[in-house]
Amino acid sequence: MSIKPRLFSTFRCLRHENPLGLPRSGAPPQLPRMQRGLPTKRPLPSVRKIIAVSSAKGGVGKSTIAVNLALAFARLGHRTGILDTDIFGPSIPTLLSLNGQEPRLSGNNQLLPIVNYGVKSMSMGYLVGEDKPVVWRGLMVMKALQQLLWEVEWGGLDILVMDLPPGTGDTQLTITQQVVLDGAIVVSTPQDIALRDAVKGVEMMRKVNVPLLGMVQNMSVFTCPKCNHSTHIFGSEGVAHACSKHDVPFLGDIPLHASICDDADRGKPTVVAEPGSGRAQAFMTIAESIAKGVKL
C-alpha cells in the first residue's frame with residue numbers, strides 16, 4: 001500500500017498574522033495586572049491611611065519606633081492601629097503589654113484587633129503561643145500574611161502603621177504589591193553597616209512605587225545621665241548624609257537612651273510612659289511630619 005505524500009502550500013492565506021496581539025514594534029502588550037495574573041493593589045477596608053515602617057536591617061529599633069509612632073498618632077487625636085507583619089518574630093504584643101491575649105471573631109468571621117493605650121493592634125503573636133516558634137515554609141507564611149491583611153475588622157481607622165519585618169523579601173513584596181500604601185519610612189542607625197541595608201530598603205520602595213516619606217535616625221546620640229556629656233556612639237550624621245545623597249527627606253533623630261529600651265521591655269512605650277520627656281517629643285515631632293506628609 002502506497003502512502004500519498006502530504007502537500008504543503010505557501011500560497012495559503014494566513015488569517016492570523018499576529019495571533020498574540022503584539023504591537024508592531026515588538027514590545028509586549030500592556031495588559032492590566034490582573035489579566036497578566038499579577039496581584040493588584042487594594043486599600044484595606046475602613047482604613048484611611050496606611051504607612052509602612054521598614055528597616056531592611058534587624059536590630060535597629062524599628063518595631064519600637066513603629067509602636068511609639070502609632071501611640072503618637074493616637075495622642076494627636078487620630079484613630080490608630082498597628083499591624084505586626086513579622087510572622088517569625090512578632091514584637092507588638094510585648095511592646096503593648098498584650099502577651100497571652102487572643103483575638104475574638106466578629107459576626108463576619110473576621111479577627112477583632114486587641115486594644116491598649118488607645119491603639120488597635122493585630123499580630124501573629126496573638127495567634128500562636130508566646131514561646132512557640134513559627135516553623136513554617138513559604139506557603140504557610142504567605143497564607144498567614146493574607147489573613148492578617150484581609151481578615152481583620154479594624155472598625156474604622158484614620159491611620160494604620162504596618163511594622164514590616166527586616167529585609168526586602170516575600171513579605172515586603174506581597175504587601176507593597178497588594179496593599180495601597182500612602183507612604184513608607186525607613187529606620188536606621190547612623191553606622192555604615194546598617195545604612196547599607198537601609199538604602200536597599202529605600203530603593204525597594206522606589207522600585208515598587210511606594211511614596212517615601214523619609215528616614216529616621218535611631219540611637220543617634222547618648223547623653224550620660226551623670227555628667228550630661230553627649231557621645232555619638234554609632235556616628236553622628238550617617239542617616240542625614242544618606243538622605244541627602246539619595247534625595248530622601250530626613251524625618252528626625254531618636255536618641256540612644258536606656259529609658260526607651262526599659263519602657264519597651266515593660267510594655268509601656270515612651271510616648272505613654274514619659275509623655276513629657278524630650279524622647280517622647282522626638283516621636284511626636286516625627287509623627288506630626290508623617291501626618292502632614294500623608295495629608296492626615
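I began with the term for handedness, noting that a crossing counts as right-handed if the near helix is turned clockwise from the far one by less than a right angle. The model I am reading is a predicted one.

Entry one, α5 and α6. I looked up how α5 passes α6 and found a right-handed crossing. Helix α5 covers residues 192-207 and helix α6 residues 238-246, and I noted an angle of about 35° between the two, with their axes 11 Å apart. On the α5 side I listed L195, V199, E203 and R206, which meet G238, V239, A242 and H246 in α6. Sorted by class, the residues of this contact are four nonpolar, two polar and two charged.

Entry two, α3 and α4. I then turned to helix α3 (residues 138-150) and helix α4 (residues 170-178), which pack at about 40° with 11 Å between their axes. That angle makes α3 oblique to α4, and I recorded the crossing of α3 and α4 as right-handed. From α3, the residues M142, L145, Q146, L149 and W150 meet D170, T171, T174, I175 and Q178 of α4. I counted the classes in this contact of α3 with α4 as five nonpolar, four polar and one charged.

Last, I looked up helix α1 (residues 62-75) against helix α9 (residues 278-293), whose axes come within 9 Å and cross at roughly 75°. Because angles of 65 to 115 degrees count as roughly perpendicular, I wrote down α1 as roughly perpendicular to α9. In α1 the residues I65, N68, L69, A72, F73 and R75 meet F283, M284, I286, A287, I290 and A291 in α9. By class, I noted ten nonpolar residues, one polar and one charged for the contact of α1 with α9.

Key. Residues numbered from 1 in each chain as written. Predicted model: local features only at pLDDT ≥ 70, side-chain atom pairs only at ≥ 80, totals over all residues. Heavy atoms only, no water. Axes fitted to C-alpha atoms, helices over the stretch in contact; angles between N-to-C directions. Helix = DSSP H or I, 4+ residues; strand = E, 2+ residues; numbered from the N terminus. Parallel < 35°, antiparallel > 145°, perpendicular 65-115°, else oblique. Contact = heavy atoms within 4.5 Å. Nonpolar A, V, L, I, M, F, W, Y, C, P; charged D, E, K, R; others polar.
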